[in-house]
Every structure is written in C-alpha cells, then in structure tokens.
Amino acid sequence: MYTQLEQRGMAEPPVNIGTLADMKQKGEPIACLTAYDASYGLLVDKAGVDLVLVGDSLGMVIQGHDTTVPVTVDDIIYHTKNVARGLHHAFLVADMPFMSYTHPEHALDNSVRMMQEGGAMMIKLEGGDGQLEIVEYLARHDIPVCAHLGLKPQSVHKIGGFKVQGRDETAARRITASARKLQDAGADIVLLECVPNEVGAAVTAEVDVPVIGIGAGPDVDGQILVLYDILDVTQGRLPKFVHNFMDGQTSPLAAIQAYVKAVKSGAYPATEHCFS
Ligand code: KIV
C-alpha cells in the first residue's frame, strides 16, 4: 500500500473518490476488477485498474461455496488487508458480507473494521429502499458507500437463483428510483448487476455519482468483473457478461491489461455480453 511519503513522489496520484467522480464527468470509462490477495492486487494495479473490489464473490471463487452467503466480516478483512499491500494506485473497496449490516449501528461497526483493520477506502453493500437508513447513517459518519443494485447475490435464496433483474417496466423503474434515493441518502457509487442495457442507461442518466456495471450494458460509467472469470480460472457455466481475456494473451498481467484497454476503449462489453 502506498504511504503518505511515497505519494509525494508519484507521477500520477492514487485514485480517490474525486478521481472517480471526475472520470464520470469527463466520460472516461472506469475500469474495475475484483482481487483477493496481494499478488493479484499488485497485477491489477500495475495493469491500470482504477478500482479494486474485495468482493464477497471470494466465497465462491476462493472458498468454493455455491453462493456468497457463508462469507464473514473476518474473511473480508483478511483478504482486504492482503490486497491493500499490493496496491499503489487503485481505489480499494471492500464488500459488506451477508447480514453484516442489519441496522445502522451494526453497519457502522463493521464498516469501521473494514476500513481500520482492512484498509478499505469504501464499503459496498447490497441495498435497495430497505437500506436507505443505513446508507444515510454511514454517510453521516463519513463512510464512503457503494450501493449494489439489480441482481443482489446475497438475496439468491430469496429470489430463487442468479437471475437478470429489471426486465419488466415496473421493476426497471423501481431500480432507477432506488438508485436516486440511495444517492440522495449519501451513496458515492452505484454498482448495477445483471440488468438489461436500458436499465443501465436509465440509472446512469438518473444519478450524478458513478455507475459501475456488471452485466449492465455499455451505457454506464465503468465496468467490473470477477478477476478469476476473466483469467479463465473459473470453471463451469459462466454468466453471459463474462469474457475470457486470457484468450490470445500469454500472462495474467497481459490479460488484465487487455481488459483495461477494452473497458477504456468501449470494446467491452460487446453485444454478446449484454441483456435485453
Ligand atoms: O462480490 C463481488 O465480487 C461483486 C462483484 C460481482 C461486483 O459484488
């Protein structure tokens, strides 16, 4: 992790919340990826990724569970600490695991741990209108928040599987309205998973904060994918929005660089990665 002293000599300062807001304003796509350890933290940073998420997807790709539900706050802190040691430039976000933010004080206690013990610069939570009070409380305590909408994997047992969200007009309108309310409650970033392109575009037009998509089409402010999915490590059936960036590359670093280039140029996502 960069130190205050190192920052003084840096040609390019580390990404912060203001950098991400400026990128949205300028229309510069934000390239994001997950990471779970220091070695890959170093590689994604070196490849020019702007934002790194220690996602609770670690429950599936690191721990081998079928869902993200078993992940604990201690798991996230452990992996966030490790990733932080590899980063010099990228902005570090940590995921609040299932049931770690059931009420405002609970959310605050766990966010503080992720920031103080893990080194996260922002926390992400899966939220809709039910989390407005929590987001407002965290924002009031100066905790930067990323609100995750659309497909919320922690709700997989409630919604009956990993399914595209917002396909009908009412659901699409509900997601867009929630994004606005979460922003107004203090969310600094919206992350939108598995929705038709039109919903990605509508949410991005609705809010002023950056919108990062995963399977949300091209008309958002940035893209995020699970690192092992783009490196051809994850086995089995992959979501439609995943692209194998190892194809034609000779190293993980080259593949991650190809991903960053594709996001920045708008080449990713292509039509085959999108939902209608
Ligand atoms: O946990 C995670 O990795 C995520 C991404 C899929 C956005 O939430």
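Colleague: Quick one to start: are Tyr36 and Tyr228 buried or exposed?

Modeller: Both of them are buried. Here buried stands for under 20% relative accessible area, exposed for over 50%, and partly exposed for what falls in between, with a 1.4 Å probe and protein chains only. Keep in mind that this is a predicted model, where local features need pLDDT of at least 70 and side-chain atom pairs count only at pLDDT 80 or more, while totals for chains, interfaces and linings use all residues. Residues are numbered from 1 along each chain as its sequence is written, and side-chain values use heavy atoms, with hydrogens and water left out.

Colleague: Good to know. How many aromatic pairs does the structure hold?

Modeller: There are 6 aromatic pairs. Rings of Phe, Tyr and Trp (its six-membered ring) pair if their centres lie within 6.5 Å; planes under 30 degrees apart are stacked, over 60 edge-to-face, and the rest tilted.

Colleague: Why is the pair of Tyr36 and Tyr228 edge-to-face?

Modeller: Because the planes of Tyr36 and Tyr228 stand at 65°, with the ring centres 5.6 Å apart. This pair links distant parts of the chain, 192 residues apart: Tyr36 is in the loop between strand 1 (30–34) and helix 3, and Tyr228 is in helix 11 (residues 227–230). Helices (H or I, at least four residues) and strands (E, at least two) are DSSP runs, numbered from the N terminus.

Colleague: Which residues form one aromatic cluster?

Modeller: Tyr36 and Tyr228 again, together with Tyr40.

Colleague: And what about the rings of Phe245 and Tyr268?

Modeller: Their centres are 5.9 Å apart and the planes are at 70°, so that pair is edge-to-face. Phe245 sits in the loop between helix 11 and helix 12 (252–265), and Tyr268 in the segment after helix 12, 23 residues apart. Phe245 and Tyr268 are both buried. Tyr268 also has a cis peptide bond to Pro269, with omega near 0°.

Colleague: Let's go to the core. Which residues of the largest nonpolar core touch the most other members?

Modeller: Phe245 turns up again, alongside Leu33, Val52, Leu125, Leu138, Leu225 and Tyr259, in a core of 90 residues. A nonpolar core is a set of buried Ala, Val, Leu, Ile, Met, Phe, Trp, Tyr and Cys residues joined through side-chain atoms within 4.5 Å. Helix 12 gives the most to this core, with 8 residues.

Colleague: What is Leu33 in contact with, leaving aside its neighbours within four places in sequence?

Modeller: Quite a list, including Val44, Val52, Leu225, Ile256 and Tyr259. Contact is heavy atoms within 4.5 Å.

Colleague: On to helix 3. Which residues there are buried?

Modeller: Gly41, Val44 and Asp45 are buried in helix 3. They sit on the same side of the helix, because they cover an arc of only 100° around the axis, the arc being that of the directions from the helix axis to the C-beta atoms. The face turned away from that buried side carries the exposed Ser39 and Lys46.

Colleague: What do the buried residues of helix 3 pack against?

Modeller: Strand 1, strand 2 (51–54), helix 5 (73–86), helix 11 and helix 12.

Colleague: How far apart in space are His89 and Pro13?

Modeller: They are 7.0 Å apart, C-alpha to C-alpha, and 76 residues apart in sequence. Pro13 lies in the loop between helix 1 (4–8) and helix 2 (17–26), and is exposed at a relative accessible area of 54%.

Colleague: Last topic, the backbone. What is the phi of Met99?

Modeller: Met99 has a positive phi of about 65°, although it is not a glycine. Met99 is in the loop between strand 3 (91–95) and helix 6 (104–116), exposed at 52% relative accessible area. Asp142 has a positive phi too, near 60°. Asp142 is in the loop between helix 7 (132–140) and strand 5 (145–150), and is exposed at 66%.
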